[in-house]
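Dear colleague,

I am handing over a structure for you to look through, and my notes on what was found in it follow. Please keep the model open beside this email as you read.

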Amino acid sequence: MKKSLIKEQRNYLEYLEEIRGYSDLTIKSYDETLNELLSIVDVELQNDTIILNLMPYRIKIADLNAKTISKKLSAIRGFSSYLNDNGIKNRLTADESIKVAKTLPKPISHQHIVDALKIAELEEKLVVIMLYTLGLRISELSNIRLEDISSKWIRVTGKGDKQRDVPLLKSTKELLDHYIELKTPKKFLFEKNRGKLSENSLRYIITKLFKKVSLKVTPHQLRHSYATSLLNGGAPIADVSELLGHSSMATTQIYTKLGSALKQENYNKAHPLSGLDI
């Protein structure tokens, strides 16, 4: 039973990165907590429900400060909630609450992205276009080498050094060629001081650009916008999962829920009877 939980742990951490947009540091902390938990927790099955008795773990971490304990328990409750949401019934004991709020990221509308691109400088424009038309993680964008770029594809190195080929739009390739001709990078697409431009620097480029149009936008939101647009446009979920570099299609399915929520929201705004007391 613990082996199956360890497998779900990997899916949960991917969910935190892809859907919730958690930082690498936070994900590492959650991973360490769950590794500790699953090495010591008492697990039993009662009426098709997995019971996780936290008491041995609570004893193990009892000497830590209150803030650290709170963070570790929050990670465990989030994992429990994730399992229940994905059809794996479970219950925590030796813990008062197992409920964690679950929210979905809101993608940026196409028009807002277009508005930002209209005032973007060359590097800003390319960074946004690469995230929005290729669905890259910010770490993947930072690691793109010139040798990874062909006439119609980009070879992307994702998590665990897993590689995938993502198709290039003609307009994206033309912008890439223009940027490379002007900036003459040597090894990486985005460079500074003979090395690759850092993830934080790329994030700042996005933050600064969208601030000019009064929006707060993260790289992950542009990736979300890419995925949601493809699914809403009828792209098969298996294809989108492969393009995003997801190890499990279950992660990609979150975007279908997001797309449905947005359709409902847009319907409520657009229908002439919306908001009328009838």
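The count of aromatic pairs comes to seven, where rings of Phe, Tyr and Trp (its six-membered ring) pair if their centres lie within 6.5 Å, and planes under 30 degrees apart count as stacked, over 60 as edge-to-face and the rest as tilted. Before going on, please note that this is a predicted model, in which local features need pLDDT of at least 70 and side-chain atom pairs count only at pLDDT 80 or more, while totals for chains, interfaces and linings use all residues. Residues are numbered from 1 along each chain as its sequence is written, and side-chain values use heavy atoms, with hydrogens and water left out.

One of the pairs is formed by Tyr12 and Phe79, whose ring centres are 5.4 Å apart and whose planes stand at 50°, so this pair is tilted. Because Tyr12 lies in helix α1 (residues 2-18) and Phe79 in helix α4 (residues 66-85), the pair ties together parts that are 67 residues apart in sequence; helices here are DSSP runs (H or I, at least four residues) and strands likewise (E, at least two), numbered from the N terminus. Tyr12 is buried, with a relative accessible area of 3%, and Phe79 is buried too, at 1%, where buried means under 20% relative accessible area, exposed over 50% and partly exposed in between (1.4 Å probe, protein chains only).

In another pair, the rings of Tyr22 and Tyr30 have centres 5.8 Å apart and planes at 85°, so they are edge-to-face. Tyr22 is partly exposed, with a relative accessible area of 24%, whereas Tyr30 counts as buried at 12%. Ring pairs link Tyr12, Tyr15, Tyr22, Tyr30, Phe79 and Tyr82 into a cluster.

Now to the nonpolar cores, each a set of buried Ala, Val, Leu, Ile, Met, Phe, Trp, Tyr and Cys residues joined through side-chain atoms within 4.5 Å. The largest has 41 residues, and those with the most contacts inside it are Met130, Leu141, Ile154, Leu189 and Phe190. Among the elements that give two or more residues to this core are α5 (110-118), β4 (153-157) and α8 (170-183), but its largest share, eight residues, comes from α6. A second, separate core of 25 residues includes Tyr15, Leu54, Leu73 and Ala75.

With best wishes
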